[in-house]
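Welcome, and thanks for taking a look at this one with us. Below is a short tour of charged and aromatic side-chain contacts, grouped by topic.

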Amino acid sequence: MAEAEVKTAAEGGAAAPEAAEAEAPKKPVDPSFEPEIIVFACHYCAYAAADLAGSMRLQYPSNIRMIKLPCTGKLEVIHLMRAIEAGADGVYAAGCLEGECHYLKGNLWARKRVTKVKELLAEVGLEPERVEMYNMSSAMGAKFAESATEFTERIKQLGPNPVKRPGVSAHAAAREALGDVAMADDGPPPAAPAGEGNQP
């Protein structure tokens, strides 16, 4: 009996920090805060999914600013960091479903780079949750809208980027950092990759 009580107390003690963490009060959300969010979207899938979401008249936050890429594999750590440094409240890459990248592994490279940026942000005292990677196909308009909404809500909870400076456009800075990697919104699709192992 005493042994059972000790076991229960020990279990309760182990669970107590988890319960306290789950019940920790959330930071109050400023209802007037509209986060600036940059989306680096693959031309073949996520950008097409955003178009589909629009034609399906699905609602998603209007604060999403898209930058179209031929492939998320073109996205480097510096591009993500430059967007945050310029004041974006949140940044995410939206690529093809894993195993379905038109450039074979571009979305896998992008995921590794997003993970690296999360580590760098944590090192400098910024929330790693400000950066994310989502995967979707061109037919997943609902997934695009859901991801945009979920991410915006997350950033609203985190609050404004503490390094945001007045008068600096994070979208313009991110586009400039990408150079000619960023595609024009109405640009023609890039040529389909010819063979295996093509790095975008």
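Which residue forms a salt bridge with Glu34? The partner is Lys156, and the closest N and O atoms of the two are 3.8 Å apart. Please keep in mind as you read that this is a predicted model. Across the structure, the count comes to 11 salt bridges, and a search for aromatic pairs finds 5.

- Glu34 sits in the loop between helix 1 (2-22) and strand 1 (37-42), while Lys156 belongs to helix 5 (residues 141-158).
- Glu36 meets Lys164 in a salt bridge, at 3.7 Å from N to O. Glu36 is in the loop between helix 1 and strand 1 and Lys164 is in the loop between helix 5 and helix 6 (170-178), so this pair ties together parts that are 128 residues apart in sequence.
- Lys164 has a relative accessible area of 34%, which means that this residue is partly exposed.

- Arg111 and Glu98 form a salt bridge whose closest N and O atoms are 2.9 Å apart.
- Here Arg111 comes from helix 4 (residues 106-123), and Glu98 from the loop between strand 3 (90-95) and helix 4; the two are 13 residues apart.

**A salt-bridge network**

- Salt bridges also join into a network, which links Lys118, Glu132, Glu150 and Arg154.

**Aromatic rings**

- A pair of aromatic rings is described by the distance of the centres and the angle of the planes.
- For Tyr134 and Phe151, the ring centres are 6.4 Å apart and the planes stand at 90°, so the pair is edge-to-face.
- Tyr134 lies in strand 4 (residues 131-135) and Phe151 in helix 5, so to speak a link between distant parts of the chain, 17 residues apart.
- Both Tyr134 and Phe151 are buried.
- Ring pairs also bring in Tyr92, giving a cluster of Tyr92, Tyr134 and Phe151.

**A charge over a ring**

- Which residue lies over the face of Tyr47? That residue is Lys68, placed 4.6 Å from the ring centre.

Note on methods:
Residues are numbered from 1 along each chain as its sequence is written. This is a predicted model: local features need pLDDT of at least 70, side-chain atom pairs count only at pLDDT 80 or more; totals for chains, interfaces and linings use all residues. Side-chain values use heavy atoms; hydrogens and water are left out. A salt bridge is a side-chain nitrogen of Lys or Arg within 4 Å of a carboxyl oxygen of Asp or Glu. Helices (H or I, at least four residues) and strands (E, at least two) are DSSP runs, numbered from the N terminus. Buried means under 20% relative accessible area, exposed over 50%, partly exposed in between (1.4 Å probe, protein chains only). Rings of Phe, Tyr and Trp (its six-membered ring) pair if their centres lie within 6.5 Å; planes under 30 degrees apart count as stacked, over 60 as edge-to-face and the rest as tilted. A charge sits over a ring if NZ of Lys or CZ of Arg is within 6 Å of the ring centre and within 35 degrees of the ring normal.
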